[in-house]
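Please find below my note on the two-chain model you asked me to look over.

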Amino acid sequence: MPVELAFAIEVLIAGLLSGVMYSLVALGFVLIFKASGVFNFAQGAMVLFAALTFVRILEMGVNFWLAIAIALAVMILLAVIIERVMLRPLVAQPVIILFMATIGLNYFLEGLAQGIWDSQVHGLDIGIPDVPWMSILESTNILISLFDVWTAVICGVLVLFLAFFFQKGRIGRALRAVADDNQAAMSVGIPLQLIWAIVWAAAGMVALVAGAIWGQRLGVQFSISLVALKALPVLILGGFNSIAGAIIGGLIIGASEKLAEVYLGPIIGGGIESWAAYFIAMLFLIVRPQGLFGEKIIERV
Amino acid sequence: MLYRETGQFKTSYKKDMAIFPIRQDRWALIATLIFVVVGVPLLATEHVIAGYLIPLLIWAIAAIGLNILTGYTGQLSLGHGAFMAVGAYSAYNLAARVPEIPIILVFLLAGLIAAIFGVLVGSPSLRIKGFYLAVATLAAQFFVEWVFATFPWFVGGAASMVIDTPKMTIFGYQITTTLDNYYLVLGFVVVGTLYAKNLVRSEIGRAWMAIRDMDVAAEVIGIRPLYTKLSAFAVSSFYGGVAGALYAFCYVKSVDFTAFDLFVSLKVLFMIIIGGMGSILGCFLGAAFIVVLPIILNEIAHLFAGQIPSAMLSNIEHMIFGGLIIFFLIVEPHGLARLWMTAKEKLRLWPFPH
């Protein structure tokens with residue numbers, strides 16, 4: 001295989017796989033937006049909080065699986081507290097008020113996470129080696145990180161689990177009812193508060209997974225909360241209320257961002273990854289204002 | 001008893017249309033104006049003026065801009081920092097490259113350039129709505145940050161990407177002292193506030209509010225959505241641009257792209273939410289809250305300096321700031337301006353219950 005082509009494919013695959021990591025963060029947004037119409041700006045802070053909790057418990061010498069369980073329990077507790085203290089009094093307020101409240105929550109959680117734990121950089125090893133996939137490298141000359149592949153697998157399992165959770169059983173039906181229409185769901189007796197707590201807990205779980213994976217990549221530190229900003233273009237591209245959209249959007253954004261950075265970046269000055277993704281997403285939005293998989297917006301007077 | 005319109009008859013249409021129909025309001029306004037022009041320089045120390053009042057006034061202008069876009073027209077924007085940055089950099093380049101232009105004109109031209117940029121950013125708003133639009137304005141925010149961080153041309157080739165603003169002269173008088181800067185900013189605030197106050201009760205202001213309340217319905221009754229939305233973007237970013245230019249020239253006295261990052265956009269958004277969406281007075285209350293709160297928190301933190309490590313203190317400051325925002329939204333989601341309105345209503349009836 002010619003070197004340029006191999007390189008291009010390598011860039012494409014690396015982009016697709018890093019897109020999966022964006023999808024992980026975007027998933028957390030989608031879950032909450034679907035069920036409550038809240039655009040949760042604090043998702044990044046939740047990722048930071050989950051990752052810090054997890055890594056500090058690990059550092060205390062706790063067993064890996066037990067640490068995950070404890071961190072998960074903490075995130076569920078956090079979800080219940082957020083629902084009780086912040087969301088319940090703000091029910092039926094305009095969405096912009098709820099959005100601002102989550103920005104407040106973002107500040108609060110950033111302070112809390114670094115206040116309880118600390119603001120050092122913590123190395124995290126979740127047991128997946130960040131090495132090239134040797135057999136592929138030898139046969140086709142394309143370098144793929146095993147870590148990225150594992151991330152994709154974990155993400156796939158998570159999405160399958162969430163899709164199952166959303167489709168089956170009493171809770172799944174209730175979740176879909178709430179996502180469809182808050183008020184109608186309430187009037188047929190679905191406990192809205194409980195559903196919201198469940199959804200925030202699920203978003204907390206997704207944040208934990210995203211935090212653990214990003215944590216191994218970047219080290220667990222403050223800047224991990226900024227990956228949420230990278231997930232926003234994924235979100236508008238895929239549509240705010242589509243789990244599949246978050247995945248496909250992540251793949252498109254990841255691949256085109258890497259390709260743009262490698263082939264376009266040197267021409268116009270480099271460092272374009274901070275906004276390239278937003279531009280790609282905007283181009284899609286002009287054609288489909290509700291994102292690729294978002295529900296069609298029907299406007300009535 | 002004191003605040004009541006009894007006996008104040010509106011005998012002409014002109015009086016009916018007055019901007020402040022109640023006499024006490026006019027007196028209060030004149031008193032405030034006299035106080036800020038004469039009283040403040042006498043009472044406040046230079047530190048208070050330079051550190052608190054000038055930024056407060058500048059943020060108030062920025063907040064008026066965002067309030068026109070978000071509060072009056074209902075277009076959520078997370079890119080106000082970008083408009084401020086465009087204003088600041090335009091003002092610097094105009095003042096440094098064409099020194100013949102009078103400085104006041106420089107500020108207005110900077111606002112105009114920001115307005116053109118704002119119209120460009122706002123052009124997708126006809127198709128993209130709500131949070132999708134908010135994220136789209138984020139694109140402008142990151143793009144502008146990147147442009148000013150990457151190309152040294154905008155700072156006259158300075159390698160550090162930060163440059164001091166040139167001296168300002170108005171009709172041969174050089175702006176040097178803190179007080180000069182204060183009066184310059186105050187002039188812009190007074191004119192800008194009056195203009196905004198009149199704008200929002202004119203035809204275009206009513207069109208903005210119609211678009212905010214329901215854009216499809218507004219279109220049905222004959223309001224042009226594209227023109228109305230883009231004019232809101234233009235006016236909003238004009239105010240943002242002027243505020244950015246004033247921020248660079250009169251407050252920090254240098255042009256620096258890090259001063260206009262995403263958190264600046266969020267800060268201005270906080271101001272209008274805390275102050276009150278769709279209220280000009282709210283912009284000032286919100287700006288005061290957001291400017292003063294961190295200072296107070298910082299002062300309190302200083303009391304504990306030494307006992308608690310400084311990293312911990314800054315975390316606690318973050319927590320209190322975030323917590324207070326949530327608390328405010330729960331207690332009064334319509335902002336401080338609504339509290340003020342309620343107080344005024346109560347006062348008009350006092351001492352009677354109804």
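The points below take the basis of the model, then each chain, then the contact between them.

1. This is a predicted model, in which local features need pLDDT of at least 70 and side-chain atom pairs count only at pLDDT 80 or more, while totals for chains, interfaces and linings use all residues. Residues are numbered from 1 along each chain as its sequence is written, and chains are lettered from A and ligands numbered from 1 in the order in which they are written.

2. Chain A has twelve helices and zero strands, where helices (H or I, at least four residues) and strands (E, at least two) are DSSP runs numbered from the N terminus. Its radius of gyration is 20 Å, close to the 19 Å that the globule rule gives for 301 residues, so chain A is as compact as a globular protein of that length; the radius is taken over C-alpha atoms, and the rule is 2.2 Å times the number of residues to the power 0.38. The C-alpha atoms of chain A fill a box of roughly 65 × 55 × 40 Å along the principal axes.

3. Buried residues make up 50% of the 301 residues in chain A, a residue being buried if 20 or more other C-beta atoms, placed from the backbone, lie within 10 Å of its own. Of the contacts in chain A with a separation of 6 or more, 74% join residues 24 or more positions apart, two residues being in contact if their C-beta atoms, placed from the backbone, lie within 7 Å.

4. Chain B has 14 helices and four strands. Its radius of gyration of 21 Å agrees with the value near 20 Å that a compact globule of 354 residues would have, and 42% of the 354 residues of chain B count as buried. The C-alpha atoms of chain B fill a box of roughly 65 × 55 × 50 Å along the principal axes.

5. Between the chains, 38 residues of chain A are in contact with 36 residues of chain B. The elements that give two or more residues to the chain A side are helix 4 (95-116), helix 10 (227-238) and helix 12 (273-287) of chain A, and helix 4 of chain A gives the most, with 15 residues. By class, that side has 26 nonpolar, ten polar and two charged residues; Ala, Val, Leu, Ile, Met, Phe, Trp, Tyr, Cys and Pro count as nonpolar, Asp, Glu, Lys and Arg as charged, and the others, Gly among them, as polar.

6. Helix 4 of chain A is largely enclosed by the rest of the structure, because 18 of its 22 residues are buried.

Definitions and conventions: Buried ≥ 20, exposed ≤ 12 C-beta atoms within 10 Å, placed from the backbone.
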